[in-house]
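Student: Please take me through the terms applied to this model, setting each against its definition.

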Amino acid sequence: YNVPESLPVASVVARIKAADADVGPNAEMEYKIVDGDGLGVFKVSVDKDTQEGIITIQKELDFEAKTSYTLRIEAANMHVDPRFLSLGPFSDMTTVKIIVEDVDEPPVFTSRLYSMVVSEAAKVGTIIGTVAAHDPDASNSPVRYSIDRNTDLERYFNIDANSGVITTAKSLDRETNAVHNITVLAMES
C-alpha cells in the first residue's frame, strides 16, 4: 500500500480481508499486528460489518525518516468451538508492506519569532538581523525570503531574498513607532 507522508493520524491506510467459509458468529474475525517495524506506528482493528482488518496510522509519517514499513498481521476466528480445538489453528498470517510517499513540504524557520533591536539613529541599510529557514525535504531546495508587505506597509525594512538578512530601508523614529512587527515569508526556490 502506498501512503502519502501527509496523511493525518487516525487515517485508514489499508483494508485487508481474511477469507473464511464460515457464516454468522463463526466467521467473526480479530486482527492483530504480531511483528514488523511498524509496531506503534500503525494499528489494526476489525470492521464488524465486513470482517475486514482496518489498518490506521497512529503516529505521523515522515518520508525523510523512514520510507517503508512491514507489518506481520494475524487474522483469527474470535469464537472457536472447544470441540474443534484439535483441528486448529484457527488463524492465518499475512505480510503488509506500507510505502511512505514523499510530499513536498514547505520551508521551516529555525524560530517562530525573531526579536531584533536597532537604534533609531541607524543609517538606512543597517543590518538588524537574519532569519533562517530550511527545506525539510530530502531535496533540501534553496529557500527565498520576502517580507509580507501587509505587515510593513510603509516599507521600513528590506530583506535579502537569498540570505534572509534584514536591513533598514527608511530612517526609524522610536517616538513615532517603538516596535515593528513584520512577517517574513520563506519559499522554496
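**Terms and their grounds**

Tutor: An open sheet is built from four strands in the order β1-β7-β6-β3, and its pairing is mixed.

Student: Why is one side of β1 and of β3 left without a neighbour in the sheet?

Tutor: β1 (2-4) and β3 stand at the edges and have a single partner strand each, so one side of each has no neighbour in the sheet. From one strand to the next, the twist averages 35°; the angle is taken between lines fitted to C-alpha atoms, in N-to-C directions, and runs from 0 to 180 degrees. This is a predicted model, in which local features need pLDDT of at least 70, side-chain atom pairs count only at pLDDT 80 or more, and totals for chains, interfaces and linings use all residues. Residues are numbered from 1 along each chain as its sequence is written, and side-chain values use heavy atoms, leaving out hydrogens and water.

Student: What makes β2 and β4 edge strands?

Tutor: A three-stranded open sheet has the order β2-β5-β4 with antiparallel pairing, and β2 (12-17) and β4 (42-46) each pair on one side only. Its twist averages 25° from one strand to the next. Between β2 and β5 (residues 52-57) there are five bridges, and Lys 17 stands opposite Glu 52 in β5.

Student: Which residues touch the most other members of the largest nonpolar core?

Tutor: They are Phe 42, Ile 55 and Ile 98, in a core of 21 residues. β2, β3 (29-36), β4, β5, β6 (68-77) and β7 (91-101) each supply at least two of its residues, and β6 gives the largest share, four residues. Such a core is a set of buried Ala, Val, Leu, Ile, Met, Phe, Trp, Tyr and Cys residues joined through side-chain atoms within 4.5 Å; buried means under 20% relative accessible area, exposed over 50%, and partly exposed in between, with a 1.4 Å probe and protein chains only.

Tutor: Glu 175 is found in the loop between β13 (165-168) and β14 (184-188). Its C-alpha lies 9.2 Å from that of Glu 120, although the two are 55 residues apart in sequence.

Student: Which strands pair with β13, and over how many bridges?

Tutor: β9 (residues 127-130) pairs with β13 in the antiparallel sense over three bridges, and Ile 127 stands opposite Thr 167. β12 (residues 157-159) also pairs with β13 in the antiparallel sense over three bridges, with Thr 167 as the bridge partner of Asn 158. In the hairpin of β12 and β13, Gly 164 takes a positive phi near 80°.

Student: Into which domains is the chain divided?

Tutor: The division is into domain 1 (2-101) and domain 2 (104-188), with bounds from an automatic or database domain assignment. The centres of domain 1 and domain 2, taken over C-alpha atoms, are separated by 49 Å.

Terms used
Two strands pair if DSSP finds at least two bridges between them.
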